[in-house]
Amino acid sequence: MSLPTDNLAQLVATMPFATKLGIAITEASPAEVRAKLAWDDQNCTLGGILHGGALMGFADTVGAVCAFLNLPEGASTATLESKTNLFRAVKNSAVLAVSKPLHVGKTTIVTQTDLFDEQERRVAQVTQTQAVLPPR
C-alpha cells in the first residue's frame, strides 16, 4: 500500500532539514521509497558540485522514511549507523533516490538507498541501520 501524494508532502513537512534541502518524496510504501532532490547552488561546494553532505542528508532522510513505514504501531526510529559510498560528482542535475529495506527486525531496520543523477548514473549508495524505538 502506497501513501497518497498529499500525505507525502505532509511527511516531508514534519522534517525541517528535509524541507530545507528541498527533498520531495514521490512514492512511498513499506517496500520502497522514491524521492527527488532538486539541484540547488545553495547545496553545493566549489564549482557548483552538489555537496556530499547534501547527498548523505538526502539518503539518510529517505532511508529513515523507509524505516518509518516499516515500524510497528506506535514505535519511532533513529539512525544508529550510516555507510556512504560516493561514486560521482553531481553538477546541474537533480538526484533521485530509491530506498528499500534489507532487514526489518524487532530492534533494528536496515535500509539501502541508491542515488542516481538524471542520466540514471549511480551517484552514491547508502546503507543505514535504524533503531526501532518502542512507544513511550
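Visitor: How much accessible surface does the chain have, and what share belongs to carbon and sulfur atoms?

Guide: In this predicted model, the accessible surface of the chain is about 7,500 Å². Carbon and sulfur atoms hold 55% of that area.

Visitor: What percentage of the residues count as buried?

Guide: A residue is called buried when its relative accessible area is under 20%. Here that applies to 39% of the 136 residues of the chain.

Visitor: Which radius of gyration does the chain have, and what would a compact globule have?

Guide: The test sets the chain against a rule for globules based on the number of residues. With 136 residues, a compact globule would come out near 14 Å, and the chain has 14 Å, so the two agree. Along the principal axes, the C-alpha atoms fill a box of roughly 45 × 30 × 25 Å.

Visitor: What is the order of helices and strands along the sequence?

Guide: The chain has three helices and six strands, and the pattern reads α-α-β-β-α-β-β-β-β.

Visitor: What share of the contacts joins residues 24 or more positions apart?

Guide: Contact here means heavy atoms within 4.5 Å. Among contacts with a separation of 6 or more, 61% are between residues 24 or more positions apart.

Visitor: Where is T111, and is this residue buried or exposed?

Guide: T111 lies in strand β5, residues 108-117. T111 counts as buried because its relative accessible area is 0%. Beyond its neighbours within four places in sequence, T111 has contacts that include G63, C66, A67, L102 and V126.

Visitor: How far apart are the mean positions of the positive and negative charges?

Guide: For the 11 positive and 12 negative charges, the mean positions are 5 Å apart.

Terms used. Residues are numbered from 1 along each chain as its sequence is written. This is a predicted model: local features need pLDDT of at least 70, side-chain atom pairs count only at pLDDT 80 or more; totals for chains, interfaces and linings use all residues. Side-chain values use heavy atoms; hydrogens and water are left out. Helices (H or I, at least four residues) and strands (E, at least two) are DSSP runs, numbered from the N terminus. The radius of gyration is taken over C-alpha atoms; the globule rule is 2.2 Å times the number of residues to the power 0.38. Buried means under 20% relative accessible area, exposed over 50%, partly exposed in between (1.4 Å probe, protein chains only). Accessible areas come from the Shrake-Rupley method with a 1.4 Å probe; for residues, only the protein chains shown count as cover. Lys and Arg count as positive and Asp and Glu as negative; His and the chain ends are not counted. The place of a charge is taken as NZ of Lys, CZ of Arg, CG of Asp or CD of Glu.
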